[in-house]
Structure formats: C-alpha cells, structure tokens
Amino acid sequence: MVETPRPIKVRRPDNLQDPKYLAFKNRYPLASYPEYLVFWWLEKHGYREFEDFWYQVDFIGGRGARGGLVADFLLEFTNPRTIIEVYGVVFHTAPVRRGPQTLADDIIRKAFYEAKGFRFIRCRDTDLVNRLDYTMRAAVNGIE
C-alpha cells in the first residue's frame with residue numbers, strides 16, 4: 001500500500017489575524033509580518049530593542065535621501081555586528097521589482113554593509129513564517 005503524501009500547509013507571510021502583529025503594525029506602520037516575527041523572536045530570546053538590536057536603521061539618510069539605505073535589523077550582540085534583511089516577496093522577489101536595477105540594489109546593499117564591517121544576512125520571509133526558530137538561530141550565527 002502506497003501512502004498518499006499529505007499536502008504541506010504554508011501560512012501566508014501577511015497574517016493579518018494576529019493581534020500582536022496588529023499592535024506591532026500600529027507602532028511600525030511599514031512593518032511586514034515576517035519582520036514582526038523576527039522582532040518577536042529576538043524579544044522572546046531575551047534581546048531588547050535599542051540595547052541588543054535595532055529595527056529599521058537608517059544609513060546614509062535612509063529612505064529620505066537618494067541612495068539612502070534602511071537595514072531591517074541591526075544586531076548589536078553578535079560579533080561582528082549583523083544586519084538582517086528580511087528578503088520578502090513584496091519588495092525583493094515580486095516579478096515587477098526583479099529588474100536589473102533591483103538586482104543591482106541587492107548587491108550594492110550587501111557590499112555597503114560588509115565594507116562597513118557588518119555581517120549581512122538575508123532571511124526569506126517564507127523561511128521566517130514556516131521555520132522561524134531554525135532560520136533565526138542560523139541568522140544569529142551568521143548563516144544565510
């Protein structure tokens with residue numbers, strides 16, 4: 001007898017039903033659900049915002065300046081300090097955004113942060129939603 005494989009259940013990255021996410025979204029209106037999961041995971045493991053990590057850190061003027069960058073998370077407790085970028089469908093992999101300019105921007109961001117002495121880790125939004133603990137433990141340890 002051959003078993004029929006069970007379908008894989010995948011939660012959507014933008015779970016608008018989670019009340020804790022909605023509260024987070026009130027505080028950070030541009031936040032995505034996967035970013036909330038990273039924030040939640042860090043706090044659950046005893047890390048404190050503004051002491052151990054920073055969310056949405058501006059570099060070179062941030063969104064308000066041409067060529068400015070915004071790091072999703074800056075981890076102060078790693079050596080070297082780590083930038084975590086939540087690599088999401090909306091801003092990074094949607095077909096309308098994956099032109100040559102977007103690919104170049106990805107390369108430039110990574111090169112900029114590494115030149116400044118940061119470790120740069122990208123985490124896929126689907127990995128954060130489907131296997132948060134595994135993905136975050138890897139990221140904190142410098143594994144993309």
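The charged end of Arg122 sits over the ring of Tyr87, 5.6 Å from the ring's centre. "Over" here means that CZ of Arg (or NZ of Lys) is within 6 Å of the ring centre and within 35 degrees of the ring normal. This is a predicted model, where local features need pLDDT of at least 70 and side-chain atom pairs count only at pLDDT 80 or more, while totals for chains, interfaces and linings use all residues. Residues are numbered from 1 along each chain as its sequence is written, and side-chain values use heavy atoms, leaving out hydrogens and water.

**Two helices**
- Helix α1 (residues 19-27) packs against helix α2 (residues 33-44) at about 100 degrees, with the axes 10 Å apart.
- That makes α1 roughly perpendicular to α2 (the label covers 65 to 115 degrees).
- On the α1 side you'll find Lys20, Tyr21, Phe24 and Arg27, which meet Tyr33, Tyr36 and Phe39 in α2 (contact means heavy atoms within 4.5 Å).

**Aromatic rings**
- The structure holds 18 aromatic pairs (Phe, Tyr or Trp rings, Trp by its six-membered ring, with centres within 6.5 Å).
- Phe24 and Tyr36 have ring centres 5.5 Å apart and planes at 50 degrees, so this pair is tilted (neither stacked, under 30 degrees, nor edge-to-face, over 60).
- Phe24 in α1 and Tyr36 in α2 are twelve residues apart, and both are buried (under 20% relative accessible area).
- Phe50 and Trp54 pair edge-to-face, 5.3 Å centre to centre with 70 degrees between the planes.
- Phe50 is partly exposed at 48% relative accessible area, and Trp54 is partly exposed at 33% (the class between buried and exposed, the latter being over 50%).
- Ring pairs also link a cluster that includes Tyr21, Phe24, Tyr36 and Phe73.

Methods. Axes fitted to C-alpha atoms, helices over the stretch in contact; angles between N-to-C directions. Helix = DSSP H or I, 4+ residues; strand = E, 2+ residues; numbered from the N terminus. Parallel < 35°, antiparallel > 145°, perpendicular 65-115°, else oblique. Buried < 20%, exposed > 50% of the residue type's maximum accessible area, 1.4 Å probe, protein only.
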